[in-house]
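Today I'm looking up rings and charges, then how the chains relate.

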There are 2 protein chains.
Amino acid sequence: MEKTTTNSAPKIVIIGGVAGGASAAARARRLNEDAEIIMFERGEFVSFANCGLPYHIGGDIQDRSKLLLQTPESFLARFNVDVRVMSEVISIDRSKKTVTVRSMLDDHQYTESYDFLLLSPGASPVVPPIPGVDNPLTHSLRNIPDMDRILQTIQTNNVKHATVVGGGFIGLEMMEAFQQRGIKTTLLELSDQVMTPVDREMAGFAHAEIRDKGIELRLDTALSSIEYVPETHTANLESGESVRHQHIHGHLSLSLSNGDQLNTDLLIMAIGVRPETTLARNAGLEIGELGGIYTSPHMQTSDPCIYAVGDAIEEVDFVTGEQTVVPLAGPANRQGRMAANNMFGHNESYQGTQGTAICKIFDLAIASTGKNEKQLKRDGIDYEKVYVHTASHASYYPGAEIVSFKMLFDPKSGKILGAQAAGKDGVDKRIDIMAVAQRAGMTVEQLQHLELTYAPPFGSAKDVINQAAFVANNIIKGDATPIHFDEMANITDEQILLDVRNPAELKNGHFANSINIPVDELRQRMDELPKDKEIIVICQVGLRGNVAYRQLVNRGYKARNLIGGYRTWAFAQQ
Amino acid sequence: MEKTTTNSAPKIVIIGGVAGGASAAARARRLNEDAEIIMFERGEFVSFANCGLPYHIGGDIQDRSKLLLQTPESFLARFNVDVRVMSEVISIDRSKKTVTVRSMLDDHQYTESYDFLLLSPGASPVVPPIPGVDNPLTHSLRNIPDMDRILQTIQTNNVKHATVVGGGFIGLEMMEAFQQRGIKTTLLELSDQVMTPVDREMAGFAHAEIRDKGIELRLDTALSSIEYVPETHTANLESGESVRHQHIHGHLSLSLSNGDQLNTDLLIMAIGVRPETTLARNAGLEIGELGGIYTSPHMQTSDPCIYAVGDAIEEVDFVTGEQTVVPLAGPANRQGRMAANNMFGHNESYQGTQGTAICKIFDLAIASTGKNEKQLKRDGIDYEKVYVHTASHASYYPGAEIVSFKMLFDPKSGKILGAQAAGKDGVDKRIDIMAVAQRAGMTVEQLQHLELTYAPPFGSAKDVINQAAFVANNIIKGDATPIHFDEMANITDEQILLDVRNPAELKNGHFANSINIPVDELRQRMDELPKDKEIIVICQVGLRGNVAYRQLVNRGYKARNLIGGYRTWAFAQQ
């Protein structure tokens, strides 16, 4: 930690009153009763539940006031923090250690000095310069006023159809919110999958769920231009009311990259966020290559008196050690607390971000931690992978759902590189387990020994994680030779496909050119198979396939088992 | 690993066809197609879901056949394992490497040789020699026939009231099963708490739930004697039918240790289980001090050709390194797999048992991993503890429930010693996280940095575990001076109690001699407090208490914060 002025009661100025900023303010006060703490927030609200906004729009959170976790008054009473909302910090003078503040209520400007400054400005929605994007029916969602505007548009424009651009967290949550309100919804996604933290084949579970719930999902589709077709305005333009006034009726005519046209009553732009760095940049603070504010592991910027946390910063990736930008609430909150600690000499280091994330998509949860396969490929990191599909708890107890689980690991050391899961129950638990195991530096060998809670309503004697570890270790030890779903397109004449499921199961889909011998008949019928070809064993999830595979190799056949079975392949097509 | 005969296709004999035995048989076959594998099971069924038995009695699992996971036929077809049910192994000749088997169908005896023998006999219910215990209305529950007998008694004896002796897993599950069937139920427990894996105060959450659901819970109560009062027998005793024949009407008159009498229609003895070691003992295998079969980390008994797994063995405790007996399904299954691996030269070591366990008690889950406080005290291990009570997911999203969480750790190194949790949602997840963290050797310092899945339906930006870690680290670093609920009985004249909750909250219970200053008024009213006394700060869960505590110590007061707040104290009284 670089040396900073020590002061028994420093003056701390915080820019941004949500997540990281609010955490830092509260922690700083607990550490020191005499420090002067001022928190500037450009918006009207501090410490609101930004992750809850889509759920209020969808109706799950009915009471809007539940989103307002703290008020300036409550912050003052409890933490003696001087919270100034509607106050934009417009510049930082690092030599004088002052900030210039503009009150958005009366445009009054003034300066405020600091001993320590904390930047927690967050990230702002990216709105690309699509022709026609600036219209009164197009919104993004970052804060309470955005949410209020969307709700107002739904009401005043009698919205029957909404379009969401972008299949990330906010896009998916908004899609679900609209569907819950009975609004027909189209989701446009430029890439070939939603939820980029997971790999394409795992996103297939999301795609299936999204389509199953009646959403029109258009992958590989960009929004080219927008035409705003006003019908009636109740806003009085002549009297000077802005066109953005919401008492408006009309629709949007969207032109898509494939030439299609789409009429919609409401458009949400949710293609991503960009770190808010203008203030930091203008103050000459170092900006990283990825466009976030550079921070040391102590959460200090290139100026040791200025800390920065949250969505605006670059931090260290836990797996690769490279810089990364991860706009997530958990890291922001912990970084805020840590920045306050370090202002008071605690000398704590941020331990890197895994990017652990989860999203509810209707009845499905989809989650990940660590690196995904796309990233590992891009970074040239050697990896192996396994898939298992296993009941969330004892399958004989009511309510069990399949957890579809992918684990990425170093094929030599067995070190965990990342994990992904999708399913209707127990997904958060399995990814949390993996997030802890990865952070602790565990290997897939060690995962075999995990001793997790088991009773029929909660788990299985061999949990999803144990089972994935068994498969991974079989591969590492050479007890299993895998073939993966993405290699099934390249089957040669030197290979034959053996499906060991029961004939009835094949009706729901199978590889056209496969032989079917149920696993329990294989011992008797093994001589039907050629010894000079490689036998690709297929079952539903890979478990019976492994039993058959072992029989075959123990009898001198060449074989591979389709890891994760037909189910993995099938959802990859979704 | 001690040297054992290597043989490319050994003959493997397995005693016991559930959990560990069945896992070993399946794994051995996958490793070797030529091995001869014979599995002897004394009962009628192999590989049944013993953990599911109470849930069939209670009606959650309606279809009895769902409990039968495998049959001898399915085991033969899939794994080519020669399963012999109703076959009791009555002796082992270690010098000849043979076992003597008695067929329970025709009493025929024969010997079978082995290269490797696996003992997986399990544990049997302890039935104490209480006068009158041998009667047709008293049952224990270990297997399918036991379950069938209980169901038959319920039907034939028109059971209106049942009594369960023992508040362990099976006792609690049977209590719930009876309640679900509309049977009035009394639970007798000799000690002052149910669910001994957790500490007394955490069991308070279970006691409250049990009483809330209308169960008569009698703690500190032993069953002294039983009088069987037959009303009518439909069994024909004169024709030689046993008194155990179930077509019976009658009741039991129970005499309790406190002098009370209790009439009941059905009695379940569930006071615990004892490792089945007769066969091992008679064969001269080493038995540990705790009464289980001694095993090495390779799952070998004192005879290297004989392995043993599951409820019958002694294994190493993960935390203390001492021998322990832990009758749980998860370890049994993994040990079985490992024993098979080691028979084929894999040289794997069992990594010790944490005793991770969970029990559903009506709407509540209660779970633990590692050592509890009782054990740490008994073993003279230095520890500190924290309690937090935090929402299972974002409190503004519907369905959040309080997770009441206790963490035990080394006060110097911060090493995790154990964790316990109770609540209606997310309990399994938090204990799984702790089980992984403990197994990985993490400290509470590291727990602060855990990056767990967060979206409002699944978690919080600062999870239960992060929060507990923050409190623990505050204590380790001297930023918090704790007082615990169990010290509240010893308040002296040199201490005063300060309750910082809002006045309305005190109506649901508070310490009679406490001063009430709400936390948000404390700054203004601090001079009402004496500086020469130690101020014990109390709030509902310890969070506001910490805010107040910090204000006080930062202003030069002597203070302690009641960790886990009033809630921890209140449930300890349950």
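I began with a charge and a ring: the charged end of Arg337(B) sits over the ring of Phe470(A), 3.7 Å from the ring centre. For that I count NZ of Lys or CZ of Arg within 6 Å of the ring centre and within 35 degrees of the ring normal. Lys531(B) does likewise over Tyr557(B), at 4.9 Å from the centre.

A note on ground rules: this is a predicted model, where local features need pLDDT of at least 70, side-chain atom pairs need 80 or more, and totals for chains, interfaces and linings use all residues. Residues are numbered from 1 along each chain, chains are lettered from A and ligands numbered from 1 as written, and side-chain values use heavy atoms, leaving out hydrogens and water.

Next, ring pairs. Rings of Phe, Tyr and Trp (its six-membered ring) pair with centres within 6.5 Å; planes under 30 degrees apart are stacked, over 60 edge-to-face, the rest tilted. I found 18 aromatic pairs over all chains. One of them is Phe40(A) with Tyr110(A), tilted, at 6.4 Å and 55°.

Why is the pair Tyr566(B) and Trp569(B) called tilted? Their centres are 5.5 Å apart and their planes at 35°, so the pair gets that label.

Is Tyr566(B) buried or exposed? I get 8% relative accessible area, so Tyr566(B) is buried, while Trp569(B), at 22%, is partly exposed. (Buried is under 20%, exposed over 50%, partly exposed in between, with a 1.4 Å probe and protein chains only.)

Last entry: the predictor gives the complex an ipTM of 0.95 and a pTM of 0.96.
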